[in-house]
Amino acid sequence: MQLKIPAGYAVTYNKFYDVDPILSESSDYFIENWGFFTEDLLQIVKMKINNGKWFIPEREDTILFDLGWYPDSDINGHYRLELVDGEWNEIKSISSKDRFVIKETLEEWLEEQLRV
């Protein structure tokens, strides 16, 4: 999935692709292309600058964008995008089956966090 990620962020994990889930012929709920529909699809960390150099802050000072598909590999599932702090306390979240809604929301949140 093509994303507009502004400077100041580090993509630490990305398996968020522009693909539709395909129902397995041998199951009523399992996604055939399950590798694109797991609980770990995308993580982006807000970076900071110290002495002119970018760095990923320590855990307690982290802002993290986390995306997954829940339930994992289930055709009835949905994307869940969360914005969390370093202790995994939720700041905000959204769920949707529509990857383009998730993409637009993520890009909005990235821009918002630059101003914080």
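A salt bridge here is a side-chain nitrogen of Lys or Arg within 4 Å of a carboxyl oxygen of Asp or Glu, and helices are DSSP runs of H or I with at least four residues, numbered from the N terminus. The model is predicted.

With that, helix H1. Lys 103 and Glu 107 form a salt bridge, 2.7 Å from N to O. The two residues are 4 apart in helix H1, so about one helical turn separates them. Lys 103 is buried, at 17% relative accessibility, and Glu 107 is buried too, at 15%.

Next, the network. Salt bridges with shared partners join Asp 18, Asp 20 and Arg 99. For Arg 99 and Asp 20, the closest N and O atoms are 2.7 Å apart. Arg 99 belongs to helix H1, residues 99–114, and Asp 20 to the loop between E1 and E2, so this pair ties together parts 79 residues apart in sequence. Arg 99 is buried, with a relative accessible area of 13%.

Helix H1 also connects to the sheet. Lys 92 and Glu 112 meet in a salt bridge at 2.5 Å, N to O. Lys 92 sits in strand E7 and Glu 112 in helix H1, so parts 20 residues apart in sequence are tied together. Lys 92 is partly exposed at 26%, as is Glu 112 at 29%. The total is 7 salt bridges.

Now the sheet itself. Five strands form an open sheet in the order E1-E2-E5-E6-E7, paired antiparallel. Its edges are E1 (9–14) and E7 (90–96), and the twist averages 15 degrees from one strand to the next. E6, residues 78–85, pairs with E7 over 6 bridges.

Last, the surface: Tyr 29, Phe 30 and Trp 34 make a nonpolar patch of about 320 Å².

Key
Residues are numbered from 1 along each chain as its sequence is written. This is a predicted model: local features need pLDDT of at least 70, side-chain atom pairs count only at pLDDT 80 or more; totals for chains, interfaces and linings use all residues. Side-chain values use heavy atoms; hydrogens and water are left out. Two strands pair if DSSP finds at least two bridges between them. Axes are lines fitted to C-alpha atoms, for helices over the stretch in contact, and angles run from 0 to 180 degrees between N-to-C directions. Patches are made of residues with over 30% relative accessible area and no salt bridge: like charges are joined within 9 Å, nonpolar side chains (Val, Leu, Ile, Met, Phe, Trp, Tyr) within 5 Å. Accessible areas come from the Shrake-Rupley method with a 1.4 Å probe; for residues, only the protein chains shown count as cover. Buried means under 20% relative accessible area, exposed over 50%, partly exposed in between (1.4 Å probe, protein chains only).
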